[in-house]
Amino acid sequence: MNQRSTLKINADGHLEIGGADAVSLARKFGTPLYVFDEAYIRKMMRVYRDTLQSRYEGRGLVLYASKAFSCKAVYAIAKSENIGVDVVSGGELYTALSAGFPADKIYMHGNNKLFSELVYAVESGVGTVVLDSLSEADMVDKIAGEKGVKQRVLIRINPGVEAHTHAFIQTARTDSKFGFSVSDGSAAAACKYVLSKKNLALHGYHCHIGSQIFEEEAFKLAVEKVMDFTASVKNSLNFEADTINLGGGFGVWYNDEEPKLKEKDYENYLIALIEAVKSKAVEHGLKLPYLLIEPGRSIVGEAGITLYTVGAIKDIPGIKKYVAVDGGMFDNPRYALYQSKYTAILANRANEKCTEKVSIAGKCCESGDLIGVDMPLPEVKTGDILAVLTTGAYNYSMASNYNRNAVPPAVLVNDGQAEYIIKPQTYEDIVRNDLIPERLK
């Protein structure tokens, strides 16, 4: 099986993740079920952390991008691995803080942060707020002034680099909703504006050019644009940034149309960024900035799988064969949103050769409720345990209670042993906030 080290096929012909039999996990915890391999998550955090330490003299920090997968356990892992995190909402911030994560290593993102979220961030002692608009600068300045603190901030800039990725997840085009454009002068004007605020301490810039990127040149070009901008602002405003946040976006394997990267490949991506920063710093006579990166998908994506039980099977001769599972777009909306392609195998018959292509359908009352189409599998039978691979990122994060289905629980596997990190939802959980007005009773 052309897959990562976390997965293997055992002597019973069953899929294993992190040393745990996937079929046994399905029996014990039920399906649908998100499963995460702790060792893989830690390994990827260490790849980035150790590369920054060895190749950039430790002058930087890895920030786990919470939006990929946010829960208390993943913050606990990040804390123990001595990395930081970025959060993009009050809910993610609350989760991180409730897990005991140190506030000074949290970076607050978002293109339209609520006033209440910014108050919460400043009151909690969040280390850095990444500003995405002038109105945010006004709000943070006001809040910080009232709290008697000087809030450390970065400005999100848009360097105009387009990564070769799905149009819906490109984030650095000139017309992006994120950041201030370098090309039209907005970014420089934002720097001048923020520098005028007495309760804000501007330290540098943030950029993020997209997601699921495999082209090293795209990252290097972004570095060059950001460092050129840093030099330009130094010359025009006499302000030299001491911190550069280059975002994330490192790609992961979903299917064989994409490259299967190894740890060394991710290390080399980061080394290429580091060398580009060093080169540009010398070219412009700049001090080496403190370097931040924000991997999310590449830390948890391939660490996770989702297990389903096969239900109804409908074969439309010569047209299509549907294999329905007990999950669907409520636990994985990415096919419906992006037509994202996945790899699936039968966890209980993992050694069998694929003999047909099927569409995996969910149980929602929605024609577009699909996990994938034309997916190669052995002949599927009702009751089989289906494993969809590389679902650790943006699956639980984007899950919903559509059709009042329960969001699946998640378990963390460590050395073959599994335990809940997110408990199962009950019907009572789903209706917990429902109210009936007295006049309707």
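Visitor: Which residues is Tyr-205 in contact with, leaving aside its neighbours within four places in sequence?

Guide: In this predicted model, Tyr-205 is in contact with Leu-154, Ile-155, Ile-157, Cys-191, Phe-229, Thr-230, Val-233, Phe-239, Ala-241, Thr-243, Ile-244 and Asn-245.

Visitor: What should I expect of nonpolar side chains in general?

Guide: In soluble globular proteins they tend to be buried together. Here the largest nonpolar core has 106 residues, and the two that touch the most other members are Tyr-205 and Leu-386. Helix 8, residues 216–237, supplies the largest share of this core, nine residues. Another core lies apart from the largest one and has 23 residues, including Ala-20, Leu-25, Ala-387 and Val-411.

Visitor: How do I read burial along a helix, and which residues of helix 3 are buried?

Guide: Start with the geometry. An α-helix has 3.6 residues a turn, so residues three or four places apart point the same way. In helix 3, which covers residues 72–80, the buried residues are Ala-73, Val-74, Tyr-75, Ile-77 and Ala-78. Just after this helix, Asn-82 has a positive phi of about 60°.

Visitor: Is His-206 buried or exposed?

Guide: The cut-off for buried is under 20% relative accessible area. His-206 has 2% relative accessibility and therefore counts as buried. His-206 is located in strand 11, residues 200–206. Its contacts, not counting residues up to four places away in sequence, are His-109, Val-130, Ile-155, Arg-156, Ile-157, Asn-245, Gly-247 and Glu-294.

Visitor: What about Ala-189, and how far is Ala-189 from Val-233 in space?

Guide: Ala-189 belongs to helix 7, residues 186–195, and counts as partly exposed because its relative accessibility is 47%. From C-alpha to C-alpha, Ala-189 and Val-233 are 9.7 Å apart, while 44 residues separate the two in sequence.

Visitor: Now the charged pairs. How many salt bridges are there in the whole structure?

Guide: A search finds 23 salt bridges. One of them pairs Glu-263 with Lys-43, with 3.5 Å between the closest N and O atoms. Glu-263 is in helix 9, residues 263–284, and Lys-43 is in helix 2, residues 38–55, so this pair ties together parts that are 220 residues apart in sequence. Glu-263 is partly exposed, with a relative accessible area of 35%.

Visitor: Which residue does Lys-280 meet in a salt bridge?

Guide: Lys-280 meets Asp-228, at 2.9 Å from N to O. The pair links distant parts of the chain, with Lys-280 in helix 9 and Asp-228 in helix 8, 52 residues apart. Lys-280 counts as buried because its relative accessible area is 11%, whereas Asp-228, with 31%, is partly exposed.

Visitor: Last, the backbone. What kind of peptide bond joins Thr-31 and Pro-32?

Guide: A cis bond, with omega about -5°. Pro-32 sits in the loop between helix 1 (22–29) and strand 4 (33–37).

Visitor: And what are the phi values of Gln-339 and Thr-390?

Guide: For Gln-339, phi is near 55°, a positive value in a residue other than glycine. Thr-390 likewise has a positive phi near 55°. Gln-339 is in the loop between helix 11 (334–338) and strand 16 (344–346), and is partly exposed with a relative accessible area of 44%. Thr-390 is in the loop between strand 19 (385–389) and strand 20 (410–414).

Note on methods
Residues are numbered from 1 along each chain as its sequence is written. This is a predicted model: local features need pLDDT of at least 70, side-chain atom pairs count only at pLDDT 80 or more; totals for chains, interfaces and linings use all residues. Side-chain values use heavy atoms; hydrogens and water are left out. A nonpolar core is a set of buried Ala, Val, Leu, Ile, Met, Phe, Trp, Tyr and Cys residues joined through side-chain atoms within 4.5 Å. Buried means under 20% relative accessible area, exposed over 50%, partly exposed in between (1.4 Å probe, protein chains only). Helices (H or I, at least four residues) and strands (E, at least two) are DSSP runs, numbered from the N terminus. Contact means heavy atoms within 4.5 Å. A salt bridge is a side-chain nitrogen of Lys or Arg within 4 Å of a carboxyl oxygen of Asp or Glu.
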